[in-house]
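Dear colleague,

Please read the notes with the coordinates open beside them.

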Amino acid sequence: MNANQLEHTSAVLAEMLTFKQPADAVVSAYFRQHNKLGRADRHEIAETAFAALRHYQKISSALRRPHAQAKKAALAALVLGRSMNISQLEELLDEDEKTFLSNLKARKNEFSDGLNTAAELPQWLIEQLSTHYSEEDILKFGRNVNQPAPLDLRVNTLKGKREKILAELQAEGLDAEATPYSPWGIRLKNKIALNKHPRFLDGTLEVQDEGSQLLALLLGAKRGDIAVDFCAGAGGKTLAIGAMMANKGRIYAFDIAEKRLANLKPRMVRAGLTNIHPERISSETDPRINRLSGKADRVLVDAPCSGLGTLRRNPDLKYRQSADTVAALQEQQASILTEAAKLVNEKGRLVYATCSILPEENEMQIARFLEKYPQWHVVDCAALLSNYKIGLDTGVYLRLDSACHQTDGFFAAVLEKSS
């Protein structure tokens with residue numbers, strides 16, 4: 001890292017480590033403002049900034065208010081997160097910074113003594129997890145999600161077959177392999193600029209975690225169905241459902257954010273899907289939803305959640321959430337699930353999912369729903385997946401874990417009405 005890159009990294013961290021905005025949004029905005037930075041510069045800046053997030057517990061134990069001492073935070077990230085020696089950074093350091101880094105290295109063994117620094121998890125999250133998990137499990141979780149995630153892709157079956165596309169990517173020299181569970185998935189070990197790849201531009205490939213792809217399979221929408229993606233966001237799962245329905249039938253993509261839905265529209269066109277109808281709603285109780293009451297064959301609720309299953313990709317989330325925000329999310333999840341259930345017809349299916357690993361947002365949420373609405377019952381996820389010849393058995397519920405399954409942390413429950 002040179003002095004110019006370090007200066008830019010420090011500027012990024014001064015904003016990022018306030019945790020007022022998502023980390024990727026901070027980086028994107030900074031690169032837009034400094035559009036003369038080259039690819040190598042951007043790579044160094046982004047890698048070091050995210051290394052600071054992944055080692056924030058250690059950095060904040062050594063630095064008071066790291067965002068206000070952003071250059072030292074960047075230097076600490078280079079030493080702790082990118083394995084650089086102090087001697088390699090000598091030309092960038094003044095005497096105070098040399099002393100700081102020497103003291104930091106001397107404390108390395110000390111960091112393994114505290115659970116927060118060893119697991120790189122904030123205290124609020126350790127307290128939340130300790131209700132359900134042992135210290136050993138928390139440490140294992142923290143260390144695992146502190147590793148960067150691979151890049152998972154989904155092959156759009158309307159435009160290509162996985163075997164053919166995988167062979168193409170491998171012929172290009174990419175380290176690509178078929179995902180073990182999803183029949184549509186390809187995993188790249190290294191990130192590439194996919195938005196410029198011909199197979200992305202022609203709609204054959206979409207970025208989507210393998211766990212997210214499995215949700216579409218659990219929903220099981222068929223040609224001619226009426227399906228609802230109740231919290232569609234930018235529509236990754238909507239597109240997977242549309243391909244599964246072979247572009248037949250009708251999918252309603254609801255979301256409260258106009259901007260997210262606007263991002264779905266060009267993706268629909270690129271994917272060749274014409275059966276998706278994006279619609280902005282004001283909330284889960286928007287009267288416009290009522291027209292679908294009791295009419296939908298399939299309803300997916302990918303509920304707003306803490307996102308703690310995605311920490312490999314979004315390490316800042318653990319600092320932007322808190323016990324209070326998780327409690328507020330639980331109330332919102334319960335309300336959304338109740339309203340979405342009203343849309344399902346007598347023989348239909350409701351899938352509730354989160355990218356969280358907290359039982360409060362998952363199993364406990366479903367238990368509350370079933371107690372209140374006994375006409376519903378849980379369908380075995382393992383049995384549903386076995387119908388697609390997918391040998392993944394995590395019990396009645398789908399519980400995906402980054403360490404075991406190399407996916408984001410996901411939870412899903414499949415619900416149907418009792419006859």
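Does Arg-349 count as buried or exposed? At 11% relative accessibility, Arg-349 counts as buried, because that value falls under the 20% cut-off. Please keep in mind throughout that this is a predicted model.

The side chain of Arg-349 meets that of Glu-416 in a salt bridge, with 2.9 Å from N to O. This pair links distant parts of the chain, since Arg-349 sits in strand β9 (residues 344–354) and Glu-416 in strand β12 (residues 410–417), 67 residues apart. Glu-416, with a relative accessible area of 21%, is partly exposed.

A second pair consists of Glu-210 and Arg-187, whose closest N and O atoms are 3.1 Å apart in a salt bridge. Glu-210 belongs to helix α13 (residues 210–219) and Arg-187 to strand β3 (residues 185–188), so the pair ties together parts that are 23 residues apart in sequence. Glu-210 is buried, its relative accessible area being 0%, and Arg-187 is buried as well, at 5%.

Arg-82 counts as partly exposed, at 25% relative accessibility.

For the model as a whole, the count comes to 30 salt bridges. Among the residues involved, Asp-209, Arg-312, Arg-313 and Asp-408 are joined into one network by salt bridges that share partners.

Key
Residues are numbered from 1 along each chain as its sequence is written. This is a predicted model: local features need pLDDT of at least 70, side-chain atom pairs count only at pLDDT 80 or more; totals for chains, interfaces and linings use all residues. Side-chain values use heavy atoms; hydrogens and water are left out. A salt bridge is a side-chain nitrogen of Lys or Arg within 4 Å of a carboxyl oxygen of Asp or Glu. Buried means under 20% relative accessible area, exposed over 50%, partly exposed in between (1.4 Å probe, protein chains only). Helices (H or I, at least four residues) and strands (E, at least two) are DSSP runs, numbered from the N terminus.
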